[in-house]
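This report covers a two-chain model and is meant to be read beside the sequence and coordinates.

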Amino acid sequence: MRILIVEDEKDLADALARGLHKQGYAADVAYDGEEALVLAEVNDYDLIVLDLNLPRIDGVEVCRRIRESRSSTGILMLTARSSVGDRVNGLDQGADDYLIKPFHFPELLARIRAILRREGPTRQPILRVEDLVLDPNAQRAFFEGVEIRLTTREFAVLEYLIRNAGRIVSQEELLEHVWNEDANLFTHTVKVHMMNIRKKLSKVGANGLIDTVKGRGYVI
Amino acid sequence: MRLPAFAKTLRFKLTLWYVAIIILFGALFLVAVNLAMQQSVTGPPVFLSHPMAASQTPTEIYRLVRSTQLGLLRNYSLIGFAGLVVIGAVGGHFLSGRMLKPVDRVSSLAARISSTNLKERIGYEGPDDEIKRLADTFDDMLERLESAFEAQKQFIQDASHELRTPIAIAQTNIEVVEMEERPGARDYKRLIEVLKLSLDRMSKLSDNLLLLSEGGNDRSRWSVVDMSAVLDEVVEEAYAQAAAAHISLELERPSEGMHIMGDPLSMKQAVLNLVDNAVKYNRRGGWVKVSARSEHPLVIVQVEDSGGGISETDQQRVFDRFYRVDKSRSRAQGGSGLGLAIVRKIVEDHGGLVSVHSTLGEGSSFRIALPHHTPV
C-alpha cells in the first residue's frame with residue numbers, strides 16, 4: 001500500500017515516513033500543498049495523510065482538489081486545530097477520517113488500516129484467500145496455521161495481491177503501490193520479490209496460489 | 001408629548017413626589033388645625049358648661065376660654081402629627097421600594113454573572129433616568145468584559161495550538177523508535193536531536209508568552225532610558241548573527257537627546273526583535289540599517305532591511321499574535337510567531353506606536369515612535 005504524507009513540519013513528516021515504511025507501507029513525503037498536489041497527480045496513492053495547516057495551499061483545499069480527480073484515494077486529516085468547525089469542514093471536503101495532533105502513532109496506523117479496509121472488497125481486518133491468512137496489523141502471514149516468514153516488502157506485495165484478489169495486477173501497478181519514490185524502479189525488482197514469495201509459499205505447501213498471466217501480471 | 005431631558009431623571013421625579021407629599025401633609029395639617037379652631041368657635045361657650053360658671057369674673061372666663069382653645073389645638077395637632085408620621089412612613093416605604101426596584105434587578109443580575117455567562121445583559125427598558133444609565137453602563141462593562149474574555153480565550157487556544165506541534169513531533173518520533181524491534185544508536189541519536197529541537201521550541205514559546213503578558217507594564221522598573229545606548233547594545237548583540245548570514249549591520253544615531261521614560265530591558269527586547277527579524281528574513285549579502293532620530297516630541301527608532309518585503313495584506317496582520325508571513329520559513333528559523341506582537345505590546349505599554357512600511361521585493365522598514373523625555 002502506498003501512502004503520501006503531507007506535513008510541513010519536517011521532523012514530524014520524516015518520522016511518520018520512517019514509521020510507515022517499517023510497517024511495510026511505501027511512503028512519500030510532501031512538505032507543502034503544492035508539492036502534495038503534484039505528487040498526487042503523478043502517483044496512484046492508496047491513502048494520503050494530510051495536515052490541514054499547510055503553507056502555500058491549505059490542506060482543506062488540497063483535499064478538495066484531490067477528491068475532484070481521485071475518488072478512491074483514502075484521506076486521513078491531521079490537525080492541531082481542534083475546533084469542531086474545522087473538522088467538519090475537512091470531512092465535508094472529502095476526508096475519510098481525522099486525527100488531532102498530538103496523536104499516538106499506533107492509533108494513526110489503526111486508522112490507516114481502517115480506511116484501507118473500507119477501500120478494499122473486504123472489511124475484515126484479517127485477509128484470507130483459501131488457507132492463506134494475512135494479518136496486516138501484526139505483519140504476519142500463515143498457511144494452514146503455519147507461519148510464513150516474509151520480509152516487509154514481500155508481505156506488502158502479497159497483501160496488495162490479496163486486497164485485489166481475482167484481478168490481474170501488473171508489475172507496474174505493484175511497483176506503484178508497494179515501493180515509494182526513492183526506490184530503484186525496475187520491473188525486475190518485482191520479479192525477484194515474486195520468486196522469493198513463491199519459494200516461501202511452496203515451503204509450507206501453498207503451491208500455485210499466485211498465477212502469472214503472461215505479459216499482463218499476477219493474480220491470486 | 002416629548003418631555004425635556006431633565007424631566008425624565010429620577011431626581012426630578014423624586015422631587016415631584018416629595019413636593020406632592022409635603023403639599024398633602026401641609027393640607028392635612030391645616031384641615032386639622034382649622035377643625036380644632038372651628039370646634040372651639042362653634043361649640044357651646046365653655047364658661048356655660050363650667051361647674052362654677054355663675055360665680056366667674058370676666059378675667060377668669062377669658063383665661064378658661066384661652067386654655068380650652070390651646071388644649072384643643074394641642075390635641076388636634078398631636079393627632080395630626082401622629083397621622084403624618086404614619087402616612088410618611090408607609091408612603092416612603094412604598095415610594096422608595098418602587099424607585100429602587102430596578103436597582104434590585106441590576107444587583108441580582110450582577111450576582112448571577114460569572115466568567116461563564118458573560119453573555120447576559122440587563123437590557124433595562126424604561127425612562128431615560130439614572131437607573132437606566134446605571135443599567136446601560138453595566139451592560140457596556142459586561143460587553144467589554146466579554147470581549148476581553150473572548151480575546152483571552154482565543155489567545156489560550158492559539159498558544160495551545162502552537163504547543164501541540166512540538167509535542168506531536170516529539171511524541172511521534174519517540175513512538176516510531178519504540179515500535180522498532182532493535183533500535184540502533186543512529187535511531188536514538190536522531191531521536192535525541194529531534195527532542196532537543198522540540199524542547200527548544202517549547203521553551204522559546206513559553207518565554208515569549210511570558211514576555212507578551214508582561215510587556216513594559218511594570219512601572220517599578222521604569223527609569224530614564226537613553227535609546228542611543230539601547231541601540232548600541234542591540235547592534236552589538238545582533239552583530240554575530242548578521243555576520244554569519246553575510247548581512248551588513250549599520251547603526252546611525254545621535255549621541256544624545258534620545259531619552260524616553262520606560263523599562264530599559266523590555267525596550268531593548270523590542271528593538272532586538274525587529275533587528276532579529278530584519279536579519280532572519282533578509283537575502284544573503286543584504287543589509288540592515290538601525291537608526292534613531294528626534295522628531296520633537298517624539299523619539300523615532302527605525303529598522304530597515306533589504307529583505308523580500310511584506311505584502312499589503314500581510315502588513316495589516318504582521319503584529320498579530322501567531323501570524324506568520326511565511327510559515328514554513330518562520331518555523332525553520334525557529335520563530336514562534338510572537339516576535340512582532342511582543343514589539344507592539346512593549347511599545348504601546350510605553351505610550352508609543354509601531355508601524356511598518358514595505359514594498360514587495362524592496363525590503364521593509366519598521367518604525368517605533370515613543371514620547372520624548374525631557375529631564376527637569
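## Basis

This is a predicted model: local features need pLDDT of at least 70, side-chain atom pairs count only at pLDDT 80 or more, and totals for chains, interfaces and linings use all residues. Residues are numbered from 1 along each chain as its sequence is written, and chains are lettered from A and ligands numbered from 1 in the order in which they are written.

## Parallel sheet of chain A

In chain A, 5 strands make an open sheet with parallel pairing, in the order S2-S1-S3-S4-S5. Strands (E, at least two residues) and helices (H or I, at least four) are DSSP runs numbered from the N terminus, and two strands pair if DSSP finds at least two bridges between them. Strand S2 (26–30) and strand S5 (97–100) of chain A are at the edges with a single partner strand each, so one side of each has no neighbour in the sheet. From one strand to the next the twist averages 20°.

Within this sheet, strand S1 (residues 2–6) and strand S3 (residues 47–51) of chain A pair in the parallel sense over 4 bridges. Leu4(A) stands opposite Ile48(A) in S3(A).

## Antiparallel sheet of chain A

Another open sheet of chain A has 4 strands in the order S6-S7-S8-S9, with antiparallel pairing. Strand S6 (127–129) and strand S9 (146–148) of chain A are its edge strands, and each pairs on one side only. Ignoring direction, neighbouring strands of this sheet are turned by 25° against each other on average.

Strand S7 (residues 132–135) and strand S8 (residues 140–143) of chain A pair in the antiparallel sense over 4 bridges, and Leu134(A) stands opposite Ala141(A) in S8(A). Helix H6 (residues 152–163) of chain A packs on the sheet and touches S6, S7 and S8 of chain A; its direction makes about 70° with that of S6(A). Axes are lines fitted to C-alpha atoms, for helices over the stretch in contact, and angles run from 0 to 180 degrees between N-to-C directions.

## Chain B and its helices

Chain B has 10 helices and 7 strands. Of its 376 residues, 22% are buried (20 or more other C-beta atoms within 10 Å of the residue's own, with C-beta atoms placed from the backbone).

Helix H3 (residues 58–112) of chain B packs with H4(B) at an angle of about 10°, their axes 10 Å apart. H3(B) and H4(B) are therefore roughly parallel to each other (angles under 35 degrees). Pro102(B), Val103(B) and Val106(B) of H3(B) make the contact with Ile131(B), Leu134(B), Ala135(B) and Phe138(B) of H4(B).

## Nonpolar cores

A nonpolar core is a set of buried Ala, Val, Leu, Ile, Met, Phe, Trp, Tyr and Cys residues joined through C-beta atoms within 7 Å. The largest has 66 residues, and those with the most contacts inside it are Ile3(A), Ile5(A), Val6(A), Ile48(A), Val49(A) and Leu50(A). H6(A) supplies the largest share of this core, 7 residues. A second, separate core of 40 residues includes Met227(B), Ala238(B), Phe319(B) and Val325(B).

## Contact between the chains

The contact takes 19 residues from chain A and 17 residues from chain B; residues are in contact if their C-beta atoms, placed from the backbone, lie within 7 Å. On the side of chain B that touches chain A, helix H4 (130–179), helix H5 (185–214) and helix H9 (327–332) of chain B each supply at least two residues. The largest share of that side, 12 residues, comes from H4(B).

Technical notes. Two residues are in contact if their C-beta atoms, placed from the backbone, lie within 7 Å. A residue is buried if 20 or more other C-beta atoms lie within 10 Å of its own, exposed if 12 or fewer, and partly exposed in between; C-beta atoms are placed from the backbone. Angles under 35 degrees count as roughly parallel, over 145 as roughly antiparallel, 65 to 115 as roughly perpendicular and the rest as oblique.
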